[in-house]
Amino acid sequence: MELKSKFRAEILENTELSEGVFSMWVKAGEIARTAGTGQFVSLYTRDGSRLLPRPISICEIDRENEKLRLVYRVVGEGTAEFARLVPDLDNIEIVGSLGKGFPIDKVGNSVLLFGGGIGIPPLLEAAKELKSKGKMATVILGYRTNDTFLVEDFEKYAEVIIATDDGSLGCKGTVIDAANEFKVAEKYGITDIFSCGPMPMLRGVKEYGESRNIPTYISLEEKMACGIGVCLGCVCESKEVDHHSNVTNKRVCKDGPVFLSTEVII
């Protein structure tokens, strides 16, 4: 098992996108040069009482300039500390890149991306890389209200459809409601699906894709401890026996976070 060393990354930018959601650019050296779409990094706080790092999905990758963009929501003291970091002054300990991401090179020419809440950010790099390879991306983004984020970023690379729970912007309802309302799979000849978001949304995406025989990749969000597959603290139920634990589960941090929907039971 490859163990990755901590890297002290310089904070280049740290701004609030919407209420409680922040965008951070860091100078990450080799981590940025080798990062893959859909992977994540682990960030350490300065508080010695918080031993475990916070896993944060990679939103954008600038390999040439060794930079990563991390978009995160403040949900506790650890992420609140990240929000206070000052660009060009502070730095942060980081480990990565970790996990298995989206198979950009293995998909067809028309990919549908479903994103919900804080599961939206990791799909931005996927949309960017799909466009760079001449493939079409259609993105359905789900928010609770019209307090959105990253929409303009996605519009640079993909056709964007918005769904809100309260109907204050775009389609009222879930991302699946929007996909059905606009008949996205049929209209765009969707060949593959990428998704990241809360578990109820992923269950809907799994059913949506599998019922249409479209290969569907889901990025799971789980609380993690080690982040490298040793502790078995972030397992999900799988259809096959895992070679590491010898039971029917998968390690989200090591075997994922991206899985083919038919591999896992959610």
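A contact is taken here to mean heavy atoms within 4.5 Å, and in this predicted model residues 24 or more positions apart account for 64% of those contacts in the protein chain that have a separation of 6 or more. The secondary structure of the chain comprises 7 helices and 16 strands, and buried residues make up 53% of its 266 residues.

The mean pLDDT of the chain is 89, and 85% of the residues reach 70 or more. Over residues 224-231, however, pLDDT stays under 50, although the model has 23 contacts beyond four places in sequence for this segment. Where pLDDT is low, the predicted coordinates should not be read in detail.

An unreviewed UniProt entry lists R54, P55, I56, S57, V71, Y72, R73, G78 and T79 under "binding site", and these residues are included in the lining of the largest pocket. Among them, V71 lies in strand β5, which spans residues 67-73, and counts as buried because its relative accessible area of 3% falls under 20%. Beyond residues up to four places away in sequence, V71 touches L17, V21, F22, S23, I56, S57, C59, I118, P121 and L150. T79 belongs to helix α2, residues 77-83, and is likewise buried, with a relative accessible area of 6%; apart from its neighbours within four places in sequence, T79 is in contact with R54, Y72, R73 and V74.

As for the cysteines, C59 is buried at 0% relative accessibility and C171 is buried at 5%, while the count of disulfides comes to 0.

Notes:
Residues numbered from 1 in each chain as written. Predicted model: local features only at pLDDT ≥ 70, side-chain atom pairs only at ≥ 80, totals over all residues. Heavy atoms only, no water. Disulfide = S-S within 2.5 Å. Buried < 20%, exposed > 50% of the residue type's maximum accessible area, 1.4 Å probe, protein only. pLDDT = per-residue confidence, 0-100. Helix = DSSP H or I, 4+ residues; strand = E, 2+ residues; numbered from the N terminus. UniProt positions renumbered as here; feature names shortened; annotations may be inferred. 1 Å grid on protein atoms, 1.4 Å probe; cavity = no way out; pocket = protein on both sides within 12 Å on 5 of 7 lines; lining within 4 Å.
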